[in-house]
Amino acid sequence: MIEPFTTLTAVAAPIDAPNVDTDQIAPARFLRRPRKEGYADVLFHDLRYSASGVERPDFVLNQPAYRDARILVADRNFGGGSSREHAVWALVDSGIRCVIAISFGDIFWENSVKSGLLLVRLDEPNVAALRGQLHAQPGAKVTVDLERQCITGPDGRELSFEIEPARKRRLLHGLDEIGVTKRHEAAIGAFEQAYRARRPWLFRHGAAQAG
Amino acid sequence: MAGPRTLLEKIWDDHLILEEDGQCLLLVGRHLAHDGSYHAFSALEDRGLTLRRPDQTFATPDHGVPTVSRNVADIADPSQRRVVEALPVNAAKYGFTLFGLNDPRQGIVHVVGPEQGVTQPGLIIVCGDSHTSTHGALGALAFGIGASEVVHVLATQTLWRKRPKTMRITVDGERPAGVTAKDVILAIIAKIGANGGTGYVIEYAGSTIRAMSIEERMTVCNMSIEAGARAGMVAPDEKTFEYLKGRPFAPQGADWDAALAYWKTLPTDPGARFDTEVALDATTLEPMVTWGNSPEDALPVTGRVPDPADAASEVQRAAWRETLEYMGLTPGQRLTDIAVDQVFIGSCTNGRIEDLRAAAEVARRGKAVVPAMVSPGSTQVKRQAEAEGLDRIFKEAGFEWRESGCSMCVGMNGDLVGAGKRCASTSNRNFRGRQGRGSRTHLMSPAMAAAAALRGRIADVRDLVAGG
C-alpha cells in the first residue's frame, strides 16, 4: 500500500520561503473529499493558481523546468501548522517523494512517513547552496539514496543526512505502522490491564454517564 | 525510576509500553475526535478494523458546524455537511461518547475536553488537530496527530513516538495592565520563532504562569504548536484541582482522592534537567499584534511594520517583502494606523468565558464600526455568557452573537474573510489564506480585538480602558 523509498533521482525544485505552512500546501476548503479521489490538484493551490483558476507563471512548479519535480528543497519550518495529513497527500499525489529543508513542522514530520514521503533535514548552508544550484540550473536533478543516507546535488557533491532507524526501515520497506503495532498485541493488552488497575477512575465515567 | 524527572518524563514513563528501534510505543489515555476525523473512520472501516477503546474516545463536531444555527442544513458546502453528519453515525456504530451538534455540551473539542473534565492531569491525550496542545494546561501531555495516526489510535489505542526534547520556558513577574495570556504566548513565539520549539515539548513555568487561571494557561499551551513545539504543558496545582472538581467526567468520591494523590506527584522534581531553558520577563510585555503571515511576526501594538531592509538574511528579506505585499502593508507604518475590515472573537485559543468577559468589558464602551462576530468556544460557554448578560453587551455594541464552533479561525463552515479583507482575530494562525483565500489576519487578544472593532483599526486597548 505504501510505496517503498529506496533511491530517487529526479528534478528538484527550490521553495525559497521559510514557514511554508500546511494551509498553503493544502488549503482548508479542499480537505473533505474522500482520500481516494486524490489531492494532486490541491497542492499549493492558492500559490499555484490565480483566483480565476489560471496558473501563475511565477510559481516555481508552474515553470517548465520544474514541472516534473519529485524533490523539493525548502527552507526552515516547512509543513508547520495544522495537522492535516492532506498536505502530505497533496505532495505524494503530485509525485513529490522527498522534501529537503532545515526543519519541518512536527506533525507533518510524523505524517510524512505514513505515505512514504521522505523528509531530509540539512543545515542552513547546505540547503541554501542546493537551492542556489537549482536556481542556476533549472531542471537539474538531485539523487537521494535512503539506504546510504546521502544526497547528491547537481554539482556532484555528496551530502550525508541523519535519519532515525525506525523511520528509515518503515520508508525502505513501505511498512504499515498498524501492522507493526499489532505484533505487540500481547504487550499492549498486559500494559492496558496494569494501567487500568492503577488509574481506575479513568474508566468509570460514573456521574456523567449515569446522568 | 532514579533521579529527578520532569512532568513530561513522568507522564511518558507512565504510558510507555515498550521501545523498539529508538521509538516508544505509548498508551493513549484519551482520544478526542471531531467532524474532521471522518477520513480516519473511513480508513478504519476500509481496512476492516474496529475501535479498540470506545470508553476512551470522546467526540464533538466543531470544524464544519454552522454558527448561524444548530441546523446542518445551514452548512453550505455539501462535502462539509456530509462530514458533520457522519460523526453521529460513527458514534452510534462504534459506541464512543459524543457531544453532538444539539447537545448543550457541544463545542470546540479543545474547549469541551477540559470543560467536561475529560482532560485530566497525567494523561496522554491525542486528537486529529494541532491545537490539542491546549489540554497541556491541566498537566497532560497532549498533542495533535494526522489522519493515519488517528486510525492507528482508533485501532490500537497506542502511538509510536520518539522521546521528545524538553524545554522549560520560565515567565516571571506581574503582567502590566492590558497584557493577557495571548500577549505572553505571542511574545514567546516572537522570541523563539515559529520553529523555536521544533522537537521539544515545552513546560511553561514561573510566577506569571502560576498566577494565570486555567483558562489563561490553555491560551498559552494552545499556541505551543505555533512555536513549532509538539506540546506545551503546565504542572498541575491547586488551581488545576479546583478547576476539575465536580466536572462531569472528573473522578468522584474515593476516585477523586486517588486521582488527586497521583496528580500531586506529577510536577517536575527539583533539580530535573531540561534540554533547553528560556526565560521571559512579563513586566516588560505590552499587548501584542501580528503583522505578517507567521505567528512569529508579532510585535507590541506600539510598534511599526518592519522594513525588509532590516531583515537578518536574504531569505528573510524576500519573505518579509512578499509578506508585506500580501498583507498590503508599508514598512514603517504604525500598527495602530492599520484599518481593519472585520473582527473575529472566538476559537480554541480565545473562545472561553474569561475571553468573552474581557472582550465585553471593552465592547460595552462603544459601538463596532466594522462587522464583528463572536463565536463562543462551546455551547456551555455561550450559555454562561448569556446568563451573565455578555450577549446583550455584544449585541448592543453591534457585534454578531453566534453559535459555537471553529468558525472563522479556519473558515471551513463558510465563516470566511474575503479576499484582500483584513481581520482582527483572536484565533491562532495568521497564515496566508487561513481565514479564506486572500484573507489578511492580525492576531491579538480578545480585548484588543474588541478595541479594533470599536476603532475600525488596530488599537491599543490601554487607550480605551485607561484607569480601568
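This is a predicted model: local features need pLDDT of at least 70, side-chain atom pairs count only at pLDDT 80 or more; totals for chains, interfaces and linings use all residues.
*Solution.* Residues are numbered from 1 along each chain as its sequence is written, while chains are lettered from A and ligands numbered from 1 in the order in which they are written.

Now step back to the strands, which, like helices, are DSSP runs numbered from the N terminus (helices: H or I, at least four residues; strands: E, at least two). Strand S9 (residues 165-172) and strand S10 (residues 200-205) of chain B pair in the parallel sense over six bridges. Two strands pair if DSSP finds at least two bridges between them.

**The whole sheet and its helices**

Work out the strand order of the open sheet of four strands in chain B, then say which helices pack on the sheet.

*Solution.* First, the order is S11-S10-S9-S12 (chain B), and the pairing is parallel. In general, strands of a sheet pair through backbone hydrogen bonds, either parallel or antiparallel. Next, look at the edges: strand S11 (231-233) and strand S12 (276-281) of chain B each pair on one side only. Neighbouring strands are turned by 20 degrees against each other on average, direction ignored.

Helix H6 (residues 181-192) of chain B touches S9 and S12 of chain B, at about 125 degrees to the direction of S12(B). For these angles, axes are lines fitted to C-alpha atoms, for helices over the stretch in contact, and values run from 0 to 180 degrees between N-to-C directions.

**A strand covered on both faces**

Decide which residues of strand S18 (residues 422-425) of chain B lie on each face, and name the strands that S18(B) pairs with.

*Solution.* Take the faces first: Arg422(B) and Ala424(B) are on one side, Cys423(B) and Ser425(B) on the other, and all are buried.

Now the neighbours. Strand S15 (residues 342-346) of chain B runs parallel to S18(B), joined by three bridges, and Val343(B) stands opposite Ala424(B). Strand S19 (residues 440-443) of chain B is also parallel to S18(B), through four bridges, with Leu443(B) as the bridge partner of Ser425(B).

**A helix and its cover**

Compare the reach of H3(B) with its expected span, then list its buried residues.

*Solution.* H3(B) has 17 residues and reaches 24 Å from its first C-alpha to its last, close to the 24 Å expected; the expected span is 1.5 Å times one less than the number of residues. Its buried residues are Gln80(B), Arg81(B), Val83(B), Val84(B), Leu87(B), Asn90(B) and Ala91(B). Their cover includes H2, strand S4 (57-59) and strand S5 (97-98) of chain B. Just after the helix, Gly95(B) takes a positive phi of about 80 degrees.

Describe how domain 1 and domain 2 of chain B meet.

*Solution.* Begin with the bounds, which come from an automatic or database domain assignment: domain 1 is 7-276 and domain 2 is 297-462. Their C-alpha centres lie 24 Å apart. Across the boundary, 40 residues of domain 1 are in contact with 33 residues of domain 2, where contact asks for C-beta atoms, placed from the backbone, within 7 Å. On the domain 1 side, helix H4 (109-115), H6 and helix H8 (214-222) of chain B give two or more residues; H6(B) gives the most, with six.

**Where the chains touch**

Count the residues that each chain brings to the contact, and name the element of chain B with the largest share.

*Solution.* Chain B brings 58 residues and chain A 52 residues. H5(B) has the largest share of chain B's side, seven residues. By class, that side holds 23 nonpolar, 22 polar and 13 charged residues. Here Ala, Val, Leu, Ile, Met, Phe, Trp, Tyr, Cys and Pro count as nonpolar, Asp, Glu, Lys and Arg as charged, and the others, Gly among them, as polar.

Technical notes. Two residues are in contact if their C-beta atoms, placed from the backbone, lie within 7 Å. A residue is buried if 20 or more other C-beta atoms lie within 10 Å of its own, exposed if 12 or fewer, and partly exposed in between; C-beta atoms are placed from the backbone.
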